[in-house]
Amino acid sequence: MRKLKVGIIGGGIGGVALAAALRAHGLEAHVFERAPAFGEVGAGIQMTPNAVKILRALGIFDALERVSFLPQNIIGRDWRTAREMWRTPLARDCPRLYGAPFFHVHRADLHRILLEKVDLSKTQLGIQCTGARQERNTAIASFADGNEFEADVIVGADGIHSTIRKSLFGDEPPRFTGNMCWRAVVPFDTPPFDFVSPDSSFWLGPKGHVVTYYVSAGKAVNIVAVMESKDWVAESWNVPSTREELLTAFRGWHENLQKLFSRTDEVFKWGLFDRDPMPAWTVGHVTLLGDAAHPMLPFLSQGAAMAIEDGFVLAGSLADTASPAEALRRYEALRRPRTTRVQLESRERGRTYHLTSRFARLKRDLGYRWRNLVNPQSSGLGANWVYEYDAEKQLRTEAVGQPA
Ligand SMILES: Cc1cc2nc3c(=O)[nH]c(=O)nc-3n(C[C@H](O)[C@H](O)[C@H](O)COP(=O)(O)OP(=O)(O)OC[C@H]3O[C@@H](n4cnc5c(N)ncnc54)[C@H](O)[C@@H]3O)c2cc1C
C-alpha cells in the first residue's frame with residue numbers, strides 16, 4: 001500500500017501530536033508553523049487518563065512522568081471558606097479505573113516531549129499558511145511567501161482562529177463566552193503544601209472559579225482564575241495583566257488563594273472563546289483537528305486532550321487505508337460525536353460552577369456531596385466518561401468501512 005503524505009498546518013500540541021502519530025505509522029508528515037520557533041504559552045495543562053493512554057502509545061510516557069506532578073485528588077472547594085464539596089481520588093483510582101494516571105504538566109514540557117517524536121527535517125517555521133484547496137486527488141496548502149505544498153491530505157491544526165477552517169467553511173468568528181481568565185505559573189523551590197494542597201483544586205464562587213495545581217514535578221503552581229465579564233478587547237485573546245488586577249478581581253476569595261496570587265510575577269489575561277459544534281470538518285482531502293475543529297471552554301480540561309485524541313485517530317485511520325477520502329470519513333465519524341459532547345458539556349460546567357443564587361448553590365453542593373458518597377468519580381466534574389475513552393481500542397474495534 002502506498003504511504004500517504006500529510007501536510008499539517010500549525011505546530012501546537014495538536015499538530016505535533018498528529019505528526020508524532022503519523023511517524024509512528026511510518027507515514028510522511030510535514031509541519032508548517034507560522035511562529036519563528038516552536039513553543040507553548042507559559043502555563044500548565046492537565047493531562048487526563050484518556051490523553052495519557054495515547055502519549056503512552058506514542059512512547060513518551062516515561063519522559064512525561066519525569067516532568068509531571070501526580071495529583072492526589074480533584075477537590076471542589078467553596079470560594080470563601082475552602083469547605084470541601086467533593087473529593088475525586090486520582091492517584092489512587094485512575095490507573096485502575098481508566099488504565100492510565102492523571103498528570104499535571106507544564107505545556108512547554110509536553111510540547112517539547114511530543115516534538116522529540118517528530119521528524120524535524122520535515123518541519124518549517126516562520127511560514128504563514130493562507131489557505132488550502134483540493135485539485136483532483138491532491139490537497140494543496142498555500143503560503144504568504146507565494147509557495148505551495150501538495151500532499152494527499154492537508155490538516156488544519158491551526159487553532160481557534162484557523163485559516164484552514166476559514167478557507168473551507170467561511171469566515172465566522174468564534175463566540176466570546178462571557179468569561180475571561182487570568183493565567184500564571186508561580187515557581188517554588190519546594191511545594192508549599194501548607195497553602196496549596198497536592199490536588200487539582202477547583203474553587204467555585206459566584207460568577208467565577210479558580211483552578212490551582214502543581215506542574216514541573218512539583219516545582220511550580222499553575223493558576224487558572226476565571227471570572228464572568230461582559231466585554232473583552234476584541235483584537236487580542238490574551239494580553240498582559242498584573243498581580244494587582246488579579247488580586248482585585250478575586251478580592252474576598254479564600255486567604256490561601258490571596259497568598260498564592262500575591263506570589264505571581266507574570267500574569268496574563270485571556271478571553272475565553274468557543275464555537276458551536278460543526279456539522280462537518282472535511283472538504284475533499286482537507287480536514288481540521290483540535291481547536292481549529294472544536295474550540296471549547298477549558299472547564300473539563302479537555303481542549304488539548306481532544307486534539308491529541310484527534311491526531312491519534314486520524315493517523316490510525318490514514319494508516320489503515322490507501323484512500324484519504326475514506327480515512328477522513330472514518331476520522332470524522334469516530335471523532336465528531338465525542339468532541340461535540342465534550343464541547344457542550346464544557347459549556348454546561350461553566351453554568352454550574354458560577355451559580356450566584358445562594359439557594360441554587362446550596363442545591364448544587366448537596367448534589368455534589370451526595371454523588372461523592374455514592375461514587376466519587378461521578379461527582380464534581382463528572383468526567384469519568386471522558387477519562388475512560390480508549391482511542392486505541394476504538395480504532396481496533398471500529399474498523400475501516402464500519403459505521404461508527
Ligand atoms: C485557560 C485555559 C486552560 C486550559 N487547560 C487545559 C487543560 O488543562 N487540558 C487540556 O487538555 N486543554 C486545556 N486547554 C485547551 C488547550 O490549551 C487547547 O485546546 C489546545 O492547546 C489546542 O491545541 P491546538 O494544537 O489545536 O491549537 P493551538 O495550540 O492554538 O495551536 C495552533 C498552532 O497553529 C499555528 N498557526 C495558526 N495559524 C497559522 C497559519 N495560518 N499558518 C501556520 N501556522 C499557524 C499557531 O501559531 C499555533 O502554534 C486550556 C485552554 C485555556 C484557554
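## Strands and how they pair

Two strands count as paired if DSSP finds at least two bridges between them. Strands themselves are DSSP runs of E with at least two residues, while helices are runs of H or I with at least four, and both are numbered from the N terminus. Strands of a sheet pair through backbone hydrogen bonds, either parallel or antiparallel.

Before we dig in: this is a predicted model, where local features need pLDDT of at least 70 and side-chain atom pairs count only at pLDDT 80 or more, though totals for chains, interfaces and linings use all residues. Residues are numbered from 1 along each chain as its sequence is written, and side-chain values use heavy atoms, leaving out hydrogens and water.

## The three-stranded sheet

Let's start with the open sheet of 3 strands, ordered β8-β9-β10 with antiparallel pairing. β8 (129–135) and β10 (148–151) sit at its edges with a single partner strand each, so one side of each has no neighbour in the sheet. From one strand to the next, the twist averages 20° (axes are lines fitted to C-alpha atoms, for helices over the stretch in contact, and angles run from 0 to 180 degrees between N-to-C directions).

Now look at β8 and β9 (residues 138–143): they run antiparallel and are joined by 6 bridges. You can find C129 opposite F143 in β9.

## The eight-stranded sheet

Another open sheet has 8 strands, in the order β5-β4-β13-β14-β15-β12-β17-β16, and here the pairing is mixed. The edges belong to β5 (84–89) and β16 (238–241), each with a single partner strand, so one side of each lacks a neighbour in the sheet. Ignoring direction, neighbouring strands of this sheet are turned by 20° against each other on average.

Inside it, β13 (residues 200–205) and β14 (residues 208–215) share 5 bridges in the antiparallel sense. W203 has V210 in β14 as its bridge partner. Helix α10 (residues 324–353) packs on the sheet and touches β12, β13, β14 and β17, with its direction at about 60° to that of β13; contact means heavy atoms within 4.5 Å.

## A pocket to explore

The second largest pocket has a volume of about 240 Å³. On a 1 Å grid over the protein atoms alone, a pocket is an open set of points where a 1.4 Å probe fits, with protein on both sides within 12 Å along at least five of seven lines; lining residues have an atom within 4 Å of a point. Grid points are joined across faces, edges and corners, and the volume is the space filled by probe spheres set on them.

Among the lining residues are H106, R183, E266 and W270. β12 (175–187) and β17 (267–274) are the elements that give two or more residues, and β12 gives the most, with 3.
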